[in-house]
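I set out here, in order, what I looked up in this structure. The entries are brief and follow one element at a time.

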Amino acid sequence: MTEFALDARLDADTYSVTDLSLSHVLLMNDARFPWVILVPRRPNCAEWLDFSSDDQQALLQEQLRVMAVLQELTGAHKLNVANLGNMVRQFHLHIIARFETDVAWPGPVWGQGAREAYSDAEANAFVSALQQALR
């Protein structure tokens, strides 16, 4: 059996937040959008269909939990959820807090301007808030 390893691109573009029962939680390093990514710790999975039905249910529950936390922490006008996988094949689920005032509204966040990295203090504060809320 192959061991789970986080895709190098996801690792390079994110901050590690915590582990839930199935998924590793990441914060995308783009301060323009509060953006969390769930990566189920299962090797060789690219699609929802690749997971057992138990893992599918667990992932859905984790998605809903993270959505509720992100909504509570940010007061977002809308939460966008997607699992595209066009650039990173490893299954990962994007949960993005959106605001009518954000630079990409009402369009998608992909391909909208240059990413703006968090300062160390901003990233540490947001990661800490997510960790506290997901305990």
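**Entry 1**

I first looked up what lies over the buried residues of helix 3, and the cover includes strand 1 (14–19), strand 2 (23–28), strand 3 (35–40) and helix 2 (53–74). I note that the model is a predicted one.

I then listed the buried residues of helix 3, which are Ala123, Phe126, Val127 and Leu130. They lie on the same side of helix 3, because they cover an arc of only 100 degrees around the axis. I recalled that an α-helix has 3.6 residues a turn, so residues three or four places apart point the same way. On the face turned away from the buried side of helix 3, I found the exposed residues Ala121 and Asn124.

I also checked the length of helix 3. Its 14 residues (120–133) should span 20 Å at 1.5 Å a residue, and the end C-alpha atoms are 20 Å apart, so the two values agree.

Within helix 3 I looked up glutamine 132. Its relative accessibility is 48%, and glutamine 132 therefore counts as partly exposed, since that class lies between the cut-offs of 20% and 50%. The C-alpha atom of glutamine 132 is 9.9 Å from that of threonine 18, although 114 residues separate the two along the chain.

**Entry 2: Leucine 27**

Is leucine 27 buried or exposed? I found leucine 27 in strand 2, and it is buried, with a relative accessible area of 0%. Leaving aside residues up to four places away in sequence, leucine 27 touches Asp13, Thr14, Tyr15, Val17, Trp35, Tyr118, Ala123, Phe126, Val127 and Leu130. Ala123, Phe126, Val127 and Leu130 are the buried residues of helix 3 noted above. I also looked up the separation of leucine 27 and glutamine 63, which are 36 residues apart along the chain; their C-alpha atoms are 14 Å apart.

**Entry 3: Helix 2**

Helix 2 has 22 residues, and I read 31 Å from its first C-alpha to its last, close to the 32 Å expected at 1.5 Å a residue. Which residues of helix 2 are buried? I listed Asp55, Leu59, Glu62, Gln63, Val66, Met67, Val69 and Leu70. These buried residues pack against strand 2, strand 3, strand 4 (78–82), strand 5 and helix 3. Just after helix 2, I found glycine 75 with a positive phi of about 65 degrees.

**Entry 4: Backbone geometry in two loops**

I recalled that most residues other than glycine have a negative phi, and most peptide bonds are trans. Asparagine 44 has a positive phi, near 60 degrees, and is not a glycine. I placed asparagine 44 in the loop between strand 3 and helix 2. With a relative accessible area of 65%, asparagine 44 is exposed.

The peptide bond from tryptophan 105 to proline 106 is cis, with omega near 0 degrees. I located proline 106 in the loop between strand 5 (93–98) and helix 3.

**Entry 5: The largest pocket**

I looked last for open space. The largest pocket has a volume of about 470 Å³. It is lined by 21 residues, and those closest to its centre are Arg9, Met28, Trp35, Met87 and Trp110. Helix 1 (residues 8–13) gives the largest share of the lining, three residues. How do the lining residues divide into nonpolar, polar and charged? I recorded eight nonpolar, eight polar and five charged residues.

Technical notes
Residues are numbered from 1 along each chain as its sequence is written. This is a predicted model: local features need pLDDT of at least 70, side-chain atom pairs count only at pLDDT 80 or more; totals for chains, interfaces and linings use all residues. Side-chain values use heavy atoms; hydrogens and water are left out. On a 1 Å grid over the protein atoms alone, a cavity is a set of points where a 1.4 Å probe fits but cannot get out, and a pocket is an open set with protein on both sides within 12 Å along at least five of seven lines; lining residues have an atom within 4 Å of a point. Grid points are joined across faces, edges and corners, and a volume is the space filled by probe spheres set on the points. Helices (H or I, at least four residues) and strands (E, at least two) are DSSP runs, numbered from the N terminus. Ala, Val, Leu, Ile, Met, Phe, Trp, Tyr, Cys and Pro count as nonpolar, Asp, Glu, Lys and Arg as charged, and the others, Gly among them, as polar. The expected span of a helix is 1.5 Å times one less than its number of residues. Buried means under 20% relative accessible area, exposed over 50%, partly exposed in between (1.4 Å probe, protein chains only). The arc is that of the directions from the helix axis to the C-beta atoms. Contact means heavy atoms within 4.5 Å.
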